[in-house]
Amino acid sequence: MNKMLIVQITVILSIVGAYFFVDFNEVYNSIKGDVQYSIQDSNCDLKKGPCEVTVKDGTKFELEIFPKHIPLMENIKFRVTSSNDKLDDLNINVYSTNMMMGYFNLKFENLGNGLYETKGTLPTCPVGNMEWNADIDIDKMSERIGARFQFKTTR
């Protein structure tokens with residue numbers, strides 16, 4: 001068998017194998033690195049009103065949660081007002097920081113004029129007094145940045 005034919009077959013099989021077995025999105029994100037979060041002011045309480053975060057590129061996010069007492073096992077609405085009204089595929093990832101309660105990735109609906117909304121339900125926990133992060137990520141070509149909001153719930 002011709003050596004050139006063996007090399008060509010090997011290259012083709014390598015490309016096909018890489019297509020099926022390598023997650024190129026994960027490789028690309030690992031090159032960009034971890035998300036660099038800007039965190040809300042520690043004095044801001046989402047149970048009292050909206051909190052604002054300005055991320056590294058200057059985009060502002062203001063998060064508000066309804067109802068204000070942030071109930072567990074009931075529908076809650078997350079409303080974001082942003083200085084950027086053209087954010088595609090905007091999501092919020094909500095997770096507990098003091099106990100593994102799962103990750104809740106909710107997709108925002110763009111209502112126009114920088115207003116985005118989504119609904120979700122947080123699980124209850126017999127321990128109570130859960131601390132939560134709500135992360136909004138923006139993927140740029142060269143980096144990943146985001147806004148991190150923090151809140152607490154009680155049983």
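This is a predicted model: local features need pLDDT of at least 70, side-chain atom pairs count only at pLDDT 80 or more; totals for chains, interfaces and linings use all residues.
Numbering runs from 1 along each chain as its sequence is written, and side-chain values use heavy atoms, with hydrogens and water left out.

Gln 36 sits in strand β1, residues 36–39 (strands are DSSP E runs of at least two residues, numbered from the N terminus). Leaving aside neighbours within four places in sequence, show its contacts (heavy atoms within 4.5 Å): Lys 56, Glu 143, Arg 144, Ile 145 and Gly 146.

Next, pick Phe 61, Leu 63, Phe 78, Ile 92, Phe 149 and Phe 151, the residues with the most contacts inside the largest nonpolar core, which has 31 residues. Such a core is a set of buried Ala, Val, Leu, Ile, Met, Phe, Trp, Tyr and Cys residues joined through side-chain atoms within 4.5 Å. Strands β2, β3, β4, β5, β9 and β10 each supply at least two of its residues, and β9 gives the largest share, 5 residues.

Stay on β9 and click Asn 133. Asn 133 is buried, at 7% relative accessible area. Its side chain makes a 3.4 Å polar contact with that of Gln 150 (N or O atoms within 3.5 Å; within protein, one able to donate a hydrogen and the other to accept it, and residues adjacent in sequence counting only if both atoms are side-chain atoms).

How values were computed: Helices (H or I, at least four residues) and strands (E, at least two) are DSSP runs, numbered from the N terminus. Buried means under 20% relative accessible area, exposed over 50%, partly exposed in between (1.4 Å probe, protein chains only).
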